[in-house]
Structures are given as structure tokens and as C-alpha cells.
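These are my notebook entries on a single protein model. I set down what I looked up, entry by entry.

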Amino acid sequence: MPTYAYRCRECTESFELTRPMSESGDPAVCPGGHRDTVKLLTTVALTGKAAGSGAPSAPSAPSGGGCCGGGCCA
């Protein structure tokens, strides 16, 4: 089951809940009992290569060249 992050608007406490995806939009009550909470947008960063996995790492972004990244801008 996925874990969702929330923040309480009353006590400003951040907390996480593990719940089914079908309940991801349901209201969440903070550990302090407050009901005025908001679900936070979380991101996952996948970089590098796990030790011994043999999986290739993600290619690095091109550098230099200003807005187009490759020097093709005139």
C-alpha cells in the first residue's frame, strides 16, 4: 500500500498515512485529532545505480549552451 503525506492546517504537524489508493482522496485526521488537513504532493527521486543491481544509471542532463543545452542556439 502507498504512503501519503499530509499536513494539518491547525497545528501545522506533518504526518503520513498508509492507505489503499482507492482511499487516497479521503479526508485524513492528524495525530492531534484535527480534521482540517491537506494532502501534500510528494516526489520520488531515482538516481544512480543500486549496488550490485547491474541496472544502468540515468543519463546526465546536457550542460552548457544556454536555453537549448547543446550550443545549437545562434
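**Entry 1. Terms and source.** I take contact to mean heavy atoms within 4.5 Å. The model is predicted, so I note that local features need pLDDT of at least 70 and side-chain atom pairs count only at pLDDT 80 or more, while totals for chains, interfaces and linings use all residues. Residues are numbered from 1 along each chain as its sequence is written, and side-chain values use heavy atoms, with hydrogens and water left out.

**Entry 2. Asp36.** I looked up which residues Asp36 touches. Not counting residues up to four places away in sequence, I found Arg7, Cys8, Arg9 and Glu10. I placed Asp36 in the loop between E2 and E3; strands (E, at least two residues) and helices (H or I, at least four) are DSSP runs, numbered from the N terminus. Asp36 is partly exposed, because its relative accessible area is 33%. For this I use three classes: buried is under 20% relative accessible area, exposed is over 50%, and partly exposed is in between, with a 1.4 Å probe and protein chains only.

**Entry 3. Overall pattern.** I recorded zero helices and three strands, in the pattern β-β-β along the sequence. Of the 74 residues, 15% count as buried. Of the contacts with a separation of 6 or more, 28% come from residues 24 or more positions apart.

**Entry 4. The sheet.** In what order do the three strands lie in the open sheet? I read the order as E2-E1-E3, with antiparallel pairing; two strands pair if DSSP finds at least two bridges between them. Strand E2 (14-18) and strand E3 (37-39) are the edge strands, each pairing on one side only. Neighbouring strands are turned by 35° against each other on average, direction ignored; the axes are lines fitted to C-alpha atoms, and angles run from 0 to 180 degrees between N-to-C directions. Strands of a sheet pair through backbone hydrogen bonds, either parallel or antiparallel.

I then looked up the bridges. Five bridges join E1 to E2, and Ala5 stands opposite Glu16 in E2. Three bridges join strand E1 (residues 3-8) to E3. On that side Arg7 stands opposite Val38, and Tyr6 has Lys39 as its bridge partner.

**Entry 5. Thr12.** The hairpin of E1 and E2 has five residues between the strands, and Thr12 takes a positive phi near 60° there. I noted this value because most residues other than glycine have a negative phi. Thr12 is partly exposed, with a relative accessible area of 47%.

**Entry 6. Thr37.** I found Thr37 in strand E3. Is Thr37 buried or exposed? Thr37 counts as buried, since its relative accessible area is 17%. A polar atom of its side chain lies 2.6 Å from the backbone oxygen of Ala28. A polar contact is a pair of N or O atoms within 3.5 Å; within protein, one must be able to donate a hydrogen and the other to accept it, and residues adjacent in sequence count only if both atoms are side-chain atoms. Leaving aside neighbours within four places in sequence, Thr37 is in contact with Arg7, Cys8, Arg9, Phe15, Ala28 and Cys30.

**Entry 7. Nonpolar core.** I looked up the largest nonpolar core and found six residues: Tyr4, Tyr6, Cys8, Phe15, Ala28 and Cys30. Such a core is a set of buried Ala, Val, Leu, Ile, Met, Phe, Trp, Tyr and Cys residues joined through side-chain atoms within 4.5 Å. Its largest share, three residues, comes from E1. Beyond four places in sequence, Cys30 touches Cys8, Cys11, Phe15 and Thr37.

**Entry 8. Aromatic pair.** How many aromatic pairs does a search of the whole structure find? The search finds one. Tyr6 and Phe15 are stacked, at 5.5 Å centre to centre and 20° between the planes. Rings of Phe, Tyr and Trp (its six-membered ring) pair if their centres lie within 6.5 Å; planes under 30 degrees apart count as stacked, over 60 as edge-to-face and the rest as tilted. Tyr6 is buried at 2% relative accessibility, and Phe15 is buried at 8%.

**Entry 9. Pro27.** I found Pro27 in the loop between E2 and E3. Pro27 is exposed, because its relative accessible area is 72%. Pro27 and Lys39 are 12 residues apart in sequence and 8.7 Å apart in space, C-alpha to C-alpha.
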